[in-house]
Each structure stands twice: as C-alpha cells, then as structure tokens.
Amino acid sequence: MNSDHAFMARALELARKGLYSTHPNPRVGCVIVHDGRIVGEGWHARAGEPHAEVHALRQAGDKARGATAYVTLEPCSHHGRTPPCADALINAGITRVVAAMQDTNPQVGGNGLLRLMHAGIAVQSGVLEAEARALNAGFIKRMEKGLPFVRVKLAMSLDGRTAMASGESQWITGPAARSAVQRLRARSSVVLTGADTVLADDARLTVRADELGLGAELTALAITRPPLRVLVDGRLRVPLSVPFFQAGAAMVATCAAASARDRYLDDGHELLAVPGSNGHVDLRKLLIELASRGANEVLVEAGPRLAGAFARLGLVDEYQLFVAPKLLGSSARPLLDLPLARMADAPALKIVEMRAVGDDWRIIAVPQSVA
C-alpha cells in the first residue's frame with residue numbers, strides 16, 4: 001500500500017532524529033495512524049528513556065484504539081531499562097502494526113511481532129526495510145556479528161595525499177567539510193585514532209558543538225552523549241601531556257606492559273590491554289572488545305598506517321573521503337599504507353554517494369565485498 005510506505009517514511013524521518021544520541025540502542029521512530037490521519041508520533045532519544053512507541057502512544061491518547069502503528073523496528077518484547085513496547089501497543093488497543101524490519105537483537109528476534117499476533121493484532125513487516133537497515137547498520141552488525149560498523153574518514157588532496165612529508169595536515173579541507181566530520185563524530189559510538197595522528201596534529205578528536213551545524217535540540221542531545229575517544233598506541237609512545245588526553249577521559253588500546261595502567265587511571269583514562277605482535281594491536285580483537293561494550297559505529301580518523309591496517313584486514317565497512325581542490329605534491333603522504341604488487345590485488349570499491357561539501361567533495365564508498 002502506498003499509504004504504508006508514506007507513513008513508514010515519516011517514521012524513518014523521526015527515527016533519524018536519534019542519529020546522534022541513542023547509542024547503544026537503535027534509532028527508532030513510530031507513527032500512529034487512525035482513519036488515514038496521523039494522531040501520534042514519537043522517536044527514541046536516549047538509552048534508558050521511553051522508546052518511540054511510548055512517545056507516539058502518549059501523543060495519540062485515546063485515538064490509539066483501533067489505530068495502526070508504523071514502527072521502524074520490531075517492538076521490543078523484553079524488560080530492559082524500559083517495559084516491553086509490544087505490551088504498550090496491545091494495552092493501547094492498536095489493531096495493526098507495520099514494522100520496517102525484524103529486530104536482530106536475539107532478546108527480541110521476532111518475539112515482539114509474535115506477541116502482537118497472539119494478541120490478535122494484524123502484523124506486517126518489511127516495509128522500507130532497506131532504509132531501516134541502513135539507519136541502524138552498526139546496531140545490526142553488532143547484533144549479528146559481534147563487531148561494530150567501521151567507517152574510515154580520510155581527507156585528501158586531488159592528487160591523493162593526506163599530509164605533507166613532515167606530517168602536517170591541518171587544514172586540507174574547508175569549514176563545510178570539517179562540519180560534516182563533526183557530525184560523523186557525533187553519530188559514532190567510538191572515534192578511534194593512532195599515535196602518529198595525535199603526535200603530528202595535536203589532535204583532540206572531540207565533538208565541537210559550534211561546528212555541528214545542527215538545530216538546538218539535536219546539538220544538545222549530541223553533546224550529552226559524546227563518543228568514546230580511543231587511541232591505538234601499541235608501544236605507549238604518546239605522553240599524557242598531549243591535548244588528546246587533556247580534552248577529557250579516553251581509552252588507550254595497547255599491547256605494551258600493563259604496568260603503566262595506574263598512571264592512566266590517575267588521569268581518568270582507561271588503559272586497555274589488547275593482544276598484538278611487534279608492538280601492533282590486534283585490531284579485530286579491539287573491535288570485538290568495543291562491540292562487547294555496546295559500540296555500534298566506530299569512526300577511524302587516523303594516518304595512512306593505521307587506516308591502511310584496517311583496510312588490509314578487511315575491517316572497513318565504509319570510506320568517507322573528503323577531497324580538497326589542491327595538490328600536495330609527490331613527497332606528501334599517501335592516502336593509505338596499502339602495498340600492492342599487481343592490479344589484480346587492488347581492492348574494489350563501490351561509490352554510493354558523491355556530492356559537493358562547500359569547496360570540497362565528499363565521496364562515500366564501500367568495499368565490493370560488503371556492497
């Protein structure tokens with residue numbers, strides 16, 4: 001039905017309001033429709049707070065009886081930090097529920113829809129499912145594979161260079177591109193970088209509210225749930241005096257001796273011991289650990305060596321490349337440290353979006369293996 005698609009599209013629009021704040025929960029929107037008219041709307045804002053269905057039912061009031069609920073994700077059926085939304089829909093007298101997709105959380109996994117059916121409610125699933133899955137790609141991957149969605153952000157010149165030979169890289173791109181990167185940080189569970197970037201750029205990797213370019217409501221939500229900043233420093237080369245550590249609590253992933261743990265704790269940071277070899281952290285095991293802590297999306301902002309390591313290991317789900325209209329020259333640093341001997345070895349990417357961002361261009365590409 002065309003009306004089903006239209007109402008689900010509105011529910012997805014509401015769900016996107018939670019882009020910067022629902023971690024570790026999925027982004028969910030809900031629309032209540034009675035006699036072809038929207039009588040209630042809601043979206044999930046923060047973990048521990050009411051889910052989208054509850055907000056929509058409160059707005060609908062008595063008009064929810066006999067109505068249809070459009071939800072971007074299967075209503076939950078278990079008691080977590082909030083009661084089951086399936087029960088709330090049943091108790092409100094909803095007679096039909098349309099879900100964009102089934103929940104991949106094993107605690108739900110079809111049980112919510114089944115509970116609704118057993119209560120005599122007509123159930124339909126799969127309306128605009130592709131859009132719903134794209135909105136929660138990180139949550140879905142964590143539930144299905146025990147890994148977060150990894151997004152690698154790279155800023156480069158037209159000749160594919162990311163920094164001068166000295167390591168200097170501020171600023172390749174302009175203000176509009178930097179604002180877009182701030183939004184990428186704000187939506188992420190984790191922002192991850194390496195020792196080279198922190199030492200060369202004095203990088204803080206914080207979310208700066210004045211550069212987000214969001215409205216007051218979403219900005220307030222974004223800055224109250226900042227991403228965890230993770231430094232991959234296998235040999236503990238970065239001193240605690242650098243701006244990265246002065247900007248707030250952070251995690252350091254290392255395979256060095258844990259004897260340094262206390263001095264990091266004293267400054268409010270966490271030292272995470274991760275297996276590795278030759279001073280290099282095992283990145284897959286680090287991602288597994290981050291996922292176990294509820295990380296849905298990891299944004300990698302690193303130099304060519306660490307970004308290249310993620311690429312070589314097949315750990316990248318999406319590349320976001322910001323291309324500046326300038327040339328840095330042949331002695332500047334390459335985009336990725338990715339030694340290849342033959343054309344046949346070149347990883348194939350699929351470009352899914354390309355658009356101007358101020359004076360720069362943004363290219364979003366995904367490995368063909370995950371396209």
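The following conversation walks through selected features of a predicted model.

Student: What should I know about this model before reading it?
Tutor: It is a predicted model, in which local features need pLDDT of at least 70 and side-chain atom pairs count only at pLDDT 80 or more, while totals for chains, interfaces and linings use all residues. Residues are numbered from 1 along each chain as its sequence is written, and side-chain values use heavy atoms, with hydrogens and water left out.

Student: In what order do the five strands of the open sheet come?
Tutor: The order is S2-S1-S3-S4-S5, with mixed pairing. Strands (E, at least two residues) and helices (H or I, at least four) are DSSP runs numbered from the N terminus, and two strands pair if DSSP finds at least two bridges between them.

Student: Which strands stand at the edges?
Tutor: Strand S2 (37–43) and strand S5 (122–125) do; each has a single partner strand, so one side of each is left without a neighbour in the sheet. From one strand to the next, the twist averages 15 degrees.

Student: How do S4 and S5 pair, parallel or antiparallel?
Tutor: Strand S4 (residues 96–99) pairs with S5 in the parallel sense, over four bridges. Valine 98 stands opposite glutamine 124 in S5.

Student: Which strands does helix H1 touch?
Tutor: Helix H1 (residues 2–15) packs on the sheet and touches strand S1 (29–34), S2, strand S3 (68–71), S4 and S5. Contact means heavy atoms within 4.5 Å. The direction of H1 makes about 145 degrees with that of S1; axes are lines fitted to C-alpha atoms, for helices over the stretch in contact, and angles run from 0 to 180 degrees between N-to-C directions.

Student: And what about helix H4?
Tutor: Helix H4 (residues 111–118) also packs on the sheet, touching S4 and S5, and its direction makes about 155 degrees with that of S5. Leucine 116 lies in H4 and counts as buried, at 0% relative accessibility. Buried means under 20% relative accessible area, exposed over 50%, and partly exposed in between (1.4 Å probe, protein chains only).

Student: Changing topic, where does UniProt place the "binding site" feature?
Tutor: The unreviewed UniProt entry places it at His51, Cys76 and Cys85. These residues are spread over 35 residues of sequence, yet they cluster in space, with a largest C-alpha distance of 9.3 Å. UniProt positions are given in the numbering used here, feature names are shortened, and annotations may be inferred rather than shown by experiment.

Student: Is cysteine 76 buried or exposed?
Tutor: Cysteine 76 is buried, with a relative accessible area of 8%. It sits in the loop between S3 and helix H3 (85–91). Leaving aside neighbours within four places in sequence, its contacts include His51 and Cys85.

Student: Where is cysteine 85, then?
Tutor: Cysteine 85 lies in helix H3 and is buried, at 1% relative accessibility. Under the exclusion of neighbours within four places in sequence, cysteine 85 is in contact with His51, Glu53, Val54, Pro75 and Cys76.

Student: Which residues of helix H9 are buried?
Tutor: In helix H9 (residues 216–224), Thr219, Leu221 and Ala222 are buried. Seen down the axis of H9, the buried residues fall within an arc of 165 degrees, so they line one face of the helix; the arc is that of the directions from the helix axis to the C-beta atoms.

Student: What is on the other side of H9?
Tutor: Ala216 and Thr224 are exposed there. What covers the buried residues of H9 includes S2 and helix H7 (175–187).
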